[in-house]
Amino acid sequence: MKNNLTSLAAKAGHESVRRHNLSLVLRTVREEGEVTRARVANLVGLTRAAVSSLVEELLALGCLSESGKTSSGSAGRPGTVLKLARTGPAGLGVEINIDYVSVCAVDLTGTDRVRVTEHTDHRGVPAAEVLAHAARLTNRVIGSTLEQELRVVGVELALPGLVSGGVVRQAPNLGWNRVAAEGIFGQALSTLRPAGRALAVGSDNEANLAALAELWFGGLGGVRTFLYLTGEIGVGGALVLNGEMLRGAHGFAGEIGHMVVDPQGPLCRCGARGCLEQYAGRAALLEAAGIDPATGVRGIGELEQRAAAGEARAVEALREAGDRLGVVLAGAVNLFDPEAVVLGGIYRNLMPWLEASADAQLTARVVSGRWHEKGSRLRASSLSGDAARGAAARVVHDVLANPGAYALR
């Protein structure tokens, strides 16, 4: 019995080491872009024979591809150059928001390969119906990925609200409470793909996933600790600390949209009064600017045009929203001390009119007095920092961490 246990432990240890080394080689190729096996061996500290064996396995898994050229393009006998495969495993992200569904497929290089967005109002619509619609759109995108010889190995849902254990505990703007989103979506997708393998489905808050997209693909440079704020109908937030999501005891950290600006303010859908999103959310912004809130995304485009034309009411609405944002952000900065504050969603294009008043409040209220030590730390998100892409990238990161687990998916 003891010998059997020893043998099992040794086997498990060997498998763990090989899994680690497969990931190490794959991530090294990703970081280098194009690289020879010999160079990989030098970088990771393994023998060339060991690296060659690992590379062969990654080639068989469809994670790597190779060519006959040398990385330097020099003359002589060509060496084998490795790079991440443009076909093979891919991640798929599905963002479900109040008035749209966006589905994005990303390959191992982190490149968007397919993206489809449909605008439809989900307010008052049963959760199962919304998730079934998202599953149908997802199935269409999977068909498009197959045409590009990509193999979707997992799906991540980006959801607006408190998300934990595959369940949306609360999404006030959708009217969802304790909705088992992963299970409902997974079942709907399986029904559409009876001949296909079941796909693993994960989920997270949409602001968290947008922040991860910003971290992995955005223009943050060396910034690894930041506060991410996204504006849509609601206002979401995420906290990234040293490159890792700060989730809190129950996974609900970052709900900055429900920080109170005025305890006597307007009633929020969450049940409290005077939440930030009642002053800086999409509906509040449009109403303050004299634009019908029901116009939604189109209304934000109109608001941007009016502000650019210098229309006083539009400019003042944005100035006041920036002021409210700055007050709340200053409290978060005092508590969290991030290197940067990143504004995404509708705020990215509205930054020219939000920034001055928000920055003024931050300058006045950040107690360290270091807000402008290296220039303003308030910045707009990049085009890459959206929740659907972050969700797809989450799947890709899982593949990079354990490529062997996705051999048969």
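Me: Which strands and helices each supply at least two residues of the lining of the largest pocket?
Reply: This is a predicted model, where local features need pLDDT of at least 70, side-chain atom pairs count only at pLDDT 80 or more, and totals for chains, interfaces and linings use all residues. Residues are numbered from 1 along each chain as its sequence is written, and side-chain values use heavy atoms, without hydrogens and water. Helices (H or I, at least four residues) and strands (E, at least two) are DSSP runs, numbered from the N terminus. The suppliers are strands S5 (100-107), S6 (112-119), S12 (226-231) and S15 (340-345), plus helices H6 (206-217), H9 (296-308), H11 (346-365) and H12 (387-401).

Me: Which helix gives the largest share of that lining?
Reply: Tyr100, Glu232, Gly345, Ile346 and Asp386 are the closest to the pocket's centre, out of 28 lining residues. The largest share is 4 residues, and they come from H9.

Me: How do the lining residues of the largest pocket divide by class?
Reply: Ala, Val, Leu, Ile, Met, Phe, Trp, Tyr, Cys and Pro count as nonpolar, Asp, Glu, Lys and Arg as charged, and the others, Gly among them, as polar. Sorted that way, the lining has 9 nonpolar, 11 polar and 8 charged.

Me: Why is H2 called roughly perpendicular to H3?
Reply: Helix H2 (residues 37-44) and helix H3 (residues 48-60) pack with their axes 9 Å apart, at an angle of about 115°. That angle makes H2 roughly perpendicular to H3, because the label covers 65 to 115 degrees. So the reason is the angle of about 115°.

Technical notes
Axes are lines fitted to C-alpha atoms, for helices over the stretch in contact, and angles run from 0 to 180 degrees between N-to-C directions. Angles under 35 degrees count as roughly parallel, over 145 as roughly antiparallel, 65 to 115 as roughly perpendicular and the rest as oblique. On a 1 Å grid over the protein atoms alone, a cavity is a set of points where a 1.4 Å probe fits but cannot get out, and a pocket is an open set with protein on both sides within 12 Å along at least five of seven lines; lining residues have an atom within 4 Å of a point.
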